[in-house]
Amino acid sequence: MIALACTGYLKYESPWRPLGILASAGLVGYLLYFVFPATGPLYLAGASFPGAPAPFATLREMHPHPIDLPVPAPRNAMPSLHMAWALLLWFNSRPLTRAVRGLTLTYVFLTVIVTLGTGEHYLADLAVALPFSITVQAVWTGAQGKTRSMVLAAGTSLTLIWLVVLRYGTHFFLQSPAIPWGCVIGSTMLSLMLEQSLYRGQHTNFRMY
């Protein structure tokens with residue numbers, strides 16, 4: 001998908017910009033792994049994944065803490081760079097044809113299914129990847145007025161709020177299933193609104209198809 005998007009960019013400008021966006025997301029995301037080290041549920045549950053999910057009622061007794069895993073696994077779950085890269089490809093496919101944009105959007109949905117289905121990520125990892133991606137996109141986007149600064153500040157704040165609450169405020173999410181779902185939906189909608197605002201405010205000479 002990265003190669004396809006960069007090939008499409010050759011018609012409009014150098015492909016180095018999308019490559020730079022993806023590379024910077026990987027660098028910053030790697031640094032965040034040290035801030036919030038975590039692995040997906042597959043490495044914790046092992047062979048029982050996904051057939052034995054913990055009931056919501058029992059989660060009240062749990063809290064984030066270091067654990068010994070049965071198998072060696074990298075602490076690279078939060079935020080999901082799989083999701084972040086897929087989102088950034090989608091964001092930056094606008095100058096390309098409708099077919100390519102549709103393909104990148106399909107890639108986003110497939111990434112959600114695969115990362116959750118294989119146990120490499122929790123849903124929270126994917127939720128945090130969205131404002132994280134908006135932040136990276138804002139760094140690389142020229143926008144009119146204060147739009148870029150506003151989106152950059154909002155995306156950064158939302159990413160950090162997620163990390164802090166997931167680490168120190170899990171009791172807040174465990175009061176009711178409606179709370180974590182509401183937070184995920186609200187964060188997703190706000191992040192997409194920020195991306196739309198960033199896109200409308202940016203300077204572009206691309207011809208849109």
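How do the residues of the lining of the largest cavity divide into nonpolar, polar and charged? They divide into five nonpolar, one polar and no charged, where Ala, Val, Leu, Ile, Met, Phe, Trp, Tyr, Cys and Pro count as nonpolar, Asp, Glu, Lys and Arg as charged, and the others, Gly among them, as polar.

This is a predicted model, in which local features need pLDDT of at least 70 and side-chain atom pairs count only at pLDDT 80 or more, while totals for chains, interfaces and linings use all residues. Residues are numbered from 1 along each chain as its sequence is written, and side-chain values use heavy atoms, with hydrogens and water left out.

Begin with the whole chain, colored by secondary structure: the protein has nine helices and zero strands (DSSP runs, H or I of at least four residues for helices and E of at least two for strands, numbered from the N terminus). Of its 209 residues, 39% count as buried, that is, under 20% relative accessible area, with exposed meaning over 50% and partly exposed in between (1.4 Å probe, protein chains only).

Next, select Pro 18, Ile 21, Leu 22, Leu 88, Leu 89 and Asn 92, which line the largest cavity. On a 1 Å grid over the protein atoms alone, a cavity is a set of points where a 1.4 Å probe fits but cannot get out, and lining residues have an atom within 4 Å of a point. Its volume is about 30 Å³, and α2 supplies the largest share of the lining, three residues.

Move on to helix α7, residues 147–168, whose 22 residues should span 32 Å at 1.5 Å a residue, in agreement with end C-alpha atoms 31 Å apart; the expected span is 1.5 Å times one less than the number of residues. Select its buried residues, Thr 147, Val 151, Gly 155, Leu 158, Thr 159, Trp 162, Leu 163 and Leu 166. Seen down the axis, these buried residues fall within an arc of 125°, so they line one face of α7 (the arc is that of the directions from the helix axis to the C-beta atoms). Turn to the face away from the buried side of α7 to find the exposed Ile 161 and Tyr 168. What covers the buried residues of α7 includes α2 (16–35), α6 (123–139), α8 (170–173) and α9 (178–201), where contact means heavy atoms within 4.5 Å.

Finish on α9, where the buried residues include Val 184, Ser 187, Leu 194 and Glu 195. The buried residues of α9 pack against α4, α6 and α7.

Definitions and conventions. On a 1 Å grid over the protein atoms alone, a cavity is a set of points where a 1.4 Å probe fits but cannot get out, and a pocket is an open set with protein on both sides within 12 Å along at least five of seven lines; lining residues have an atom within 4 Å of a point. Grid points are joined across faces, edges and corners, and a volume is the space filled by probe spheres set on the points.
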